Amino acid sequence: MAHQSDLIGTDIDAYLRAHERKSLLRFITCGSVDDGKSTLIGRLLYDSKMLFEDQLAAVERDSKRWGTQGDNIDFALLVDGLSAEREQGITIDVAYRFFSTDRRKFIVADTPGHEQYTRNMITGASTADIAVVLVDARKGVLAQTRRHSYVVWLVGIRQVVLAVNKMDLVDYSESRFREIETEYRQFATQIGLESVTAIPLAALKGDNILEPSPRTPWYHGTTLMGYLETVPVDDALREHGPFRLPVQWVNRPNLDFRGFAGTIASGKVRPGDRVRVLPSGKATTVARIVTHDGDLAQAVAGQAVTLTLADEIDISRGDLICAADSPAGAADQFEATLVWMHEGELLPGRSYLLKVGAQTVSASITGLKYKLNVNTLEHLATRTLELNEIGVCNLSTDRPIAFDTYVENRETGGFIIIDRLTNNTVGAGMIHFALRRASNIHMQHFAVDKSARSAVKGQRPAVLWFTGLSGAGKSTIANLVEQKLFALGKHTYMLDGDNVRHGLNKDLGFTDADRVENIRRIGEVARLMVDSGLIVLTAFISPFRSERRMARSLVLEGEFVEIFVDTPLSLAEQRDPKGLYRKARRGELKNFTGIDSPYEEPEAPEIRIDTSAMGAEAAAERIVATLKRLGLLDSGS
């Protein structure tokens, strides 16, 4: 018995070692609605013997309740896990499934076919090596087929299986298969997909899934499983690229050890290799490759390791360790393709967070070149992007970041956009190239600086940012405050919302995107005025917290005073000195703050003025008294 037990243990160990050495292929299935994506994956799971008895019993039970195949098993139910999907018979979320064969392990993502779930498809495709694009043999190549194929190309997948499914419903017609194949290959060539393998399938019946089907004697190509088991895996290809290690953690357990931990994005590394750290550009040599199981003589793409270096270099989370002879780039302005993934529209000029690799920086979209109609590939002029729309834009970061182009390296060339207030991921993008001006334009430093200008004026420069609803009294109160500061001998300048829109911002309307750009420009002008030593007063509705935070970030701490002129909407409407609320209520004035466009109240303003309980003169007196208390009216240094 002991000998038999030893043999069983040896067999298990051998099996586990063999399983561990198998390569992993990640792939997605995509296509139009009801092309049979979920059925195909369910068939793969069933035929590869990856279902436990209780799973099989559950799907047999569910097939009777939700199924569409009569008394037969509905393989789609193995994947469509959401109750909404089962009730509607469609895929909504991305469903991931693992299975394996004797030759390879697989992770498959079943992505939704509906246009409104493009963001879900982007999520599933972002880590995939290949795509299986399904086409219903009865319907042929549809607009959604083209859209999904373009998205596949967009995220960097270059190997595609054209799975012409439901061949049983067209009597396994070779002419129909060839017609679809020809049309798809023409489109694939147009968008740059060069590696396309077309396979006729009937997923429900298993034709050409695992074994060649006798019903398609005219087809002599590979089966779907044969293709999946033999296609080159991206991990193997990444090993031949230049070395890249995004630093995820600086490991300093004691004074004698300092290592830099992360997962190798591409290439290989050995002790003694010369490396360069970006964005600093400093070079050194790899001393050790440390892992939990001991030091390694070599590490390759996909491995999580800790590197120690020969020299003491200042390296932080987010830096990129590269091969010294083929380093990544470093820049703060880029052209990129952006997929918008949030219900709220993209607002160019707004400050978002951008995350690429382990780096997180502040970023804004500085210009939208066009959005793409993914069905026709037309370039359309636009000022914003809505949910699921794709555009090409210029973006700027608050400091240089290390990067590769997305075509060269998906790990170091892809990024996500995060809303600063909610922490929601609102976009995903792919870097094309650094803008030339990113390296050609440099800040000039002058002998006469802000402190010198402030000293001449005998004051501390500052921004007094008045915010509140239209009709709250911002301009009236700000005007009184400026008069009092002028009487105290202070050098001031007033920026008023209406006045600025007659010149600097006369090209802007009142959409959310235009409001963001309006405040971005004012924030930059106010920063220049503070640099000149002035006390600048700004009276703008400035409805969004993000833009007020952006304006605050442009100057030093203590130089920005947010003054919330707090007026109830009912009182503002009652005053209505310009008749704007009445027009908005009649529908004659669109995107009016407080009526059909939101106002986000300040959460912690330095000064709050309740105009329902305080007149303009008293409010101005209180603001000046507060500025004195804060030391902002003291003489400049």
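Biologist: How much space lies in the second largest cavity?

Modeller: This is a predicted model, in which local features need pLDDT of at least 70, side-chain atom pairs count only at pLDDT 80 or more, and totals for chains, interfaces and linings use all residues. Residues are numbered from 1 along each chain as its sequence is written, and side-chain values use heavy atoms, without hydrogens and water. A cavity is a set of points on a 1 Å grid over the protein atoms alone where a 1.4 Å probe fits but cannot get out, and its volume is the space filled by probe spheres set on the points. For the second largest cavity that space is about 30 Å³.

Biologist: Which residues line the second largest cavity?

Modeller: Lining residues have an atom within 4 Å of a point. The lining divides into three nonpolar, two polar and two charged residues. Its members are Ser470, Gly471, Asp576, Pro577, Lys578, Leu580 and Tyr581.

Biologist: How much space lies in the largest cavity?

Modeller: The largest cavity has Pro246, Gly318, Asp319 and Leu320 among its lining residues. That lining divides into five nonpolar, four polar and one charged. The space within the largest cavity is about 50 Å³.

Biologist: Is α13 roughly parallel, roughly perpendicular or oblique to α19?

Modeller: Helix α13 (residues 474-487) and helix α19 (residues 616-629) pack with their axes 9 Å apart, at an angle of about 50°. Angles under 35 degrees count as roughly parallel, over 145 as roughly antiparallel, 65 to 115 as roughly perpendicular and the rest as oblique. Therefore α13 is, relative to α19, oblique.

Notes
Axes are lines fitted to C-alpha atoms, for helices over the stretch in contact, and angles run from 0 to 180 degrees between N-to-C directions. Helices (H or I, at least four residues) and strands (E, at least two) are DSSP runs, numbered from the N terminus. On a 1 Å grid over the protein atoms alone, a cavity is a set of points where a 1.4 Å probe fits but cannot get out, and a pocket is an open set with protein on both sides within 12 Å along at least five of seven lines; lining residues have an atom within 4 Å of a point. Ala, Val, Leu, Ile, Met, Phe, Trp, Tyr, Cys and Pro count as nonpolar, Asp, Glu, Lys and Arg as charged, and the others, Gly among them, as polar.
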